[in-house]
Amino acid sequence: MNRIIVLLKDAVDLSELKVDPSTRRPLLEGAKRRIGELDKRALEEALRIKEREGGEVCTLTVGDERSKTPLLEALAMGADRAYIVNIGTGVWVDALTTSILLEAAVRRLTPFDLILCGEMSLDSLSSQMGPRLAELLDLPQITYVKQLAIEGGRLKAVRDLEDADEVVQADLPAVVSVSREINEPRIPSLMSIMRAKSKPIITLDVASLDVSPEIVSGGQSIEIISVEAPQVERKRIIVKGETIEESVEKLVHHLVAEGVLEVR
Amino acid sequence: MTGKGVLVYSEDKELELQLLRKGRELADEMNGPLSTVSLAQEPIDADELIRYGADKVFLYKDPGFDLNIETYRAALLEAVKRASPEVILIGSTRRGRELAPRIASALRTGCMTECIELEIDEGGDLLARRLVYGGSAVALERSRNRPHVATVPPRIFRRAEPSERNGEVMELRIEKPKHRTIVVERREKSRGDEALENARIIVAAGRGFRRREDLKLLEELAKVLGAEIGCTRPLAADDGWLNEWIGISGHKVRPRLYIACGISGTVQHLAGIRDSQVIVSINKDENANIFQASDYGLVGDLYAILPVLTRTLRRIRGESI
Ligand SMILES: Cc1cc2nc3c(=O)[nH]c(=O)nc-3n(C[C@H](O)[C@H](O)[C@H](O)COP(=O)(O)OP(=O)(O)OC[C@H]3O[C@@H](n4cnc5c(N)ncnc54)[C@H](O)[C@@H]3O)c2cc1C
Ligand SMILES: Nc1ncnc2c1ncn2[C@@H]1O[C@H](COP(=O)(O)O)[C@@H](O)[C@H]1O
């Protein structure tokens, strides 16, 4: 097995994202950033393949200097090296531009046998990167993978579609996007967290890649005009009683008052 | 540059009819034609697509059509070449979501996925609202390049009323591309029906349930309430206890009453229940996020609470145990 490239996004940690109550805007500036849950599963799968087939696992991120911190977690999990395409702090690029940057960086990391990514990033919910890279690199594309194996030098994958599970085969190299059910990512030990600090994080400047520098500085094909958390006023009443029977009784009274129980 | 008009496609027939309605609206605003593509294993009724609003139907006939991405990518790109639309709408099924970004990359343009509102502005840009941050917020986005590509989930738009209209049916010819992936087996699954979407009351299970048999507690409650049963993704996708789940990647529901039992309340799950009128949650962890998103919360063990709740409701309904 040659190199496996895992695409990792430096994403907003959704579990801690807060919303400004007056503007309803998510507070992104102070938000903690982490490798997304699905990306971790893509990395976990790469590590498992490496354990069986050999090779090395590199991660690739379009991000900035600050991405180094979340990437430490990936290195602690067992990635050999991390690459960051540095687009500059606070710069936002759309999926088209991200895919072009990833393509250029992937070409620098040739030869490789496999590109793994998540089926979608949980913060932007865009689900584009796998298919876009397959198109740009002209590689086989296998999306929504929940089981992956290498048999006789070929990929065998189970894809999870709405109406069926599909078992598919493809030659390497290929682009595979994983779904949540593929595995449970490992939790790095204290030792591996310590060791991760000495693993290489390599920054690739946009200028060093074979892309036009305007793709980052110029206008993007998609522009985000606003982001707002919808107004959901919930009552947040915790119903309490001396006994379970009493609490349940109170709850039922509330529900009758709300008119959502059609009690005769 | 591209011409005018709209092109819509989904391999899901019902969703295609929904796209035809929105597509018709946008096409009329732009004074352009509405085209649709039909790629299917079975011949489909092109006239029906015209009755539902299409001006042009591109038919790709291939008796051996196997829903291979290389094939439908090539067919769709050929249709784009023939129709040169300004807007391309693709149904947001899993197959649609792997197709749309590929088409967009081939055309070097942007793509807005999972759009829940679409509108053309004065400048001819496509504006869309879509869920972001796991489904906890809505972004307003503008697509500036041509053609605009967007995907639309099921049931966002209603299908049009059919009427007798004229249209053109054209055959698509492509050189059959080499398949890069081979499907060696297909295991059909039962597809989600609409029971959850239409339910007035839903009782839902999360990982707080320890064993499949324990869902009986929920079934009893469902029976007395006349409710449908739902669950979080791990119960369906990991454990296979139920077929369908609720949330950003599953069903979006809007019952009058939603009772969440043993559910922690991750953004991915909440995104599917936000339109519920009243949300009740039962969780033994008083800090569980679900309480932030609920109207009424009971802190405690669902194994102790559910039987009492069922019994109480039965009593109120005047039914004997
Ligand atoms: C791409 C992607 C898409 C996803 N889409 C969805 C989606 O559409 N829908 C979805 O649901 N999830 C989705 N998820 C998964 C999601 O991130 C969470 O894993 C999931 O929602 C958690 O389910 P849960 O609340 O049942 O389990 P947990 O988070 O494990 O919560 C279990 C809860 O039960 C409580 N509990 C335990 N025992 C008891 C008891 N005896 N009595 C009362 N309470 C008890 C615990 O306190 C805890 O709060 C998605 C994930 C990914 C990566
Ligand atoms: N900026 C990025 N850098 C590296 N990988 C990314 C980036 N954005 C998305 N990805 C990868 O693409 C997958 C799908 O993301 P998306 O297309 O943004 O929904 C993610 O799970 C990541 O594996």
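Between which chains does ligand 1 lie? In this predicted model, in which local features are reported only at a pLDDT of at least 70, side-chain atom pairs count only at pLDDT 80 or more, and totals for chains, interfaces and linings use all residues, side-chain values rest on heavy atoms, with hydrogens and water left out. Residues are numbered from 1 along each chain as its sequence is written, while chains are lettered from A and ligands numbered from 1 in the order in which they are written.

Ligand 1 lies between chains A and B. Around ligand 1 there are 29 residues, of which B:Arg207, B:Thr232, B:Ser249, B:Ser264 and B:Gln268 come nearest; a residue is counted as near a molecule or strand if one of its heavy atoms lies within 4 Å of it. By class, this shell has 10 nonpolar, 13 polar and 6 charged residues, where Ala, Val, Leu, Ile, Met, Phe, Trp, Tyr, Cys and Pro count as nonpolar, Asp, Glu, Lys and Arg as charged, and the others, Gly among them, as polar. At least two residues of the shell are supplied by each of α7 (233-238), α8 (267-270) and α9 (302-316) of chain B, the helices (H or I, at least four residues) and strands (E, at least two) being DSSP runs numbered from the N terminus.

A polar backbone atom of B:Ile246 is 2.8 Å from a nitrogen atom of ligand 1, and an oxygen atom of ligand 1 lies 3.0 Å from a backbone N or O atom of B:Ile248. From the side chain of B:Asn283, a polar atom lies 2.8 Å from an oxygen atom of ligand 1. Of the 990 Å² of accessible area that ligand 1 has on its own, the protein covers 88%; accessible areas come from the Shrake-Rupley method with a 1.4 Å probe, and for residues only the protein chains shown count as cover.

Ligand 2 is surrounded by 18 residues, the closest being A:Leu7, A:Asp39, A:Ser121, A:Ser127 and A:Gln128, and this shell divides into 8 nonpolar, 8 polar and 2 charged residues. Two or more residues of the shell come from each of β4 (57-63), α3 (95-108) and β6 (112-118) of chain A, with the largest share, 3 residues, given by β4(A). A:Ser127, in the loop between β6 and α4 (129-137) of chain A, has a phi near 45 degrees, a positive value in a residue other than glycine.

The structure holds 2 cavities of 30 Å³ or more. On a 1 Å grid over the protein atoms alone, a cavity is a set of points where a 1.4 Å probe fits but cannot get out, and its lining residues have an atom within 4 Å of a point; grid points are joined across faces, edges and corners, and a volume is the space filled by probe spheres set on the points. The largest cavity, with a volume of about 80 Å³, has a lining that includes A:Gln141, A:Arg159, B:Asp66 and B:Thr181 and divides into 5 nonpolar, 3 polar and 4 charged residues. The second largest cavity has a volume of about 40 Å³, and among the residues that line it are A:Ser127, A:Tyr144, B:Arg97 and B:Glu98.

An open sheet is formed by 6 strands in the order β13(A)-β15(B)-β14(B)-β13(B)-β11(B)-β12(B), with parallel pairing, two strands being taken to pair if DSSP finds at least two bridges between them. Its edge strands, each pairing on one side only, are β13 (237-238) of chain A and β12 (228-231) of chain B. A cis peptide bond joins A:Thr110 to A:Pro111, with omega near 0 degrees, and another joins B:Arg146 and B:Pro147, with omega about -15 degrees.

Technical notes
On a 1 Å grid over the protein atoms alone, a cavity is a set of points where a 1.4 Å probe fits but cannot get out, and a pocket is an open set with protein on both sides within 12 Å along at least five of seven lines; lining residues have an atom within 4 Å of a point. A polar contact is a pair of N or O atoms within 3.5 Å; within protein, one must be able to donate a hydrogen and the other to accept it, and residues adjacent in sequence count only if both atoms are side-chain atoms.
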